[in-house]
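Here is a short note for someone opening this entry for the first time. Please read the points in order.

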Amino acid sequence: MKPLATAERIPYILNHCRTIAVVGLSPKPHRASFDVSRYMQAAGYRIIPVNPNAAEVLGEKAYATLKEAAQHEKIDLVNCFRNSEDIPPIVDEAIAIGAKAVWMQLGVANAEAAATAEAAGLLVVQDHCIKIDHRVLLSRGLLQAPPR
């Protein structure tokens with residue numbers, strides 16, 4: 001696949017990546033990771049929590065690592081709710097498990113990790129909220145309805 005500009009990449013990811021591993025998904029309802037993941041789950045995406053300190057989040061079994069999650073689930077997209085400096089090992093795991101894309105939430109960016117992911121063929125989004133982008137694209141009719 002040829003590289004996509006961000007304006008094309010985001011709708012492509014949201015239309016083609018239906019199973020999302022959320023690294024740093026908190027079981028606390030007041031946290032952004034919980035709110036965003038709950039929204040994406042309600043929008044028809046499968047959410048796989050990755051948090052070594054949780055057993056279950058949003059009715060889904062939580063896994064300590066992406067590698068562990070990938071032993072049980074096919075993961076399309078890795079959504080990162082971690083600090084920017086924590087991203088490189090997450091990207092390495094995303095590559096190792098065969099994810100299609102890595103998404104770094106608002107305020108999260110790591111140019112070196114993004115370059116590593118892109119060199120391995122993954123699509124990358126940095127410093128964007130997946131919930132906001134989903135709502136905007138949905139309102140513009142740019143997203144396909146999820147399969148039922």
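1. The protein has six helices and seven strands. Both are DSSP runs numbered from the N terminus: H or I of at least four residues for helices, E of at least two for strands. From the N terminus on, the order is α-β-α-β-β-β-α-β-α-β-α-β-α. The radius of gyration is 14 Å, close to the 15 Å of the globule rule for 148 residues, so the protein is as compact as a globular protein of that length. That radius is taken over C-alpha atoms, and the rule is 2.2 Å times the number of residues to the power 0.38.

2. A caution on the source. This is a predicted model: local features need pLDDT of at least 70, side-chain atom pairs count only at pLDDT 80 or more, and totals for chains, interfaces and linings use all residues. Residues are numbered from 1 along each chain as its sequence is written, and side-chain values use heavy atoms, with hydrogens and water left out.

3. The C-alpha trace spans about 35 × 30 × 25 Å along its principal axes. Of the 148 residues, 49% are buried (under 20% relative accessible area, 1.4 Å probe, protein chains only; exposed is over 50%, partly exposed in between).

4. Residues 24 or more positions apart account for 60% of them.

5. Now look at I132, in helix α6 (residues 130-139). I132 counts as partly exposed because its relative accessibility is 46%.

Definitions and conventions. Contact = heavy atoms within 4.5 Å.
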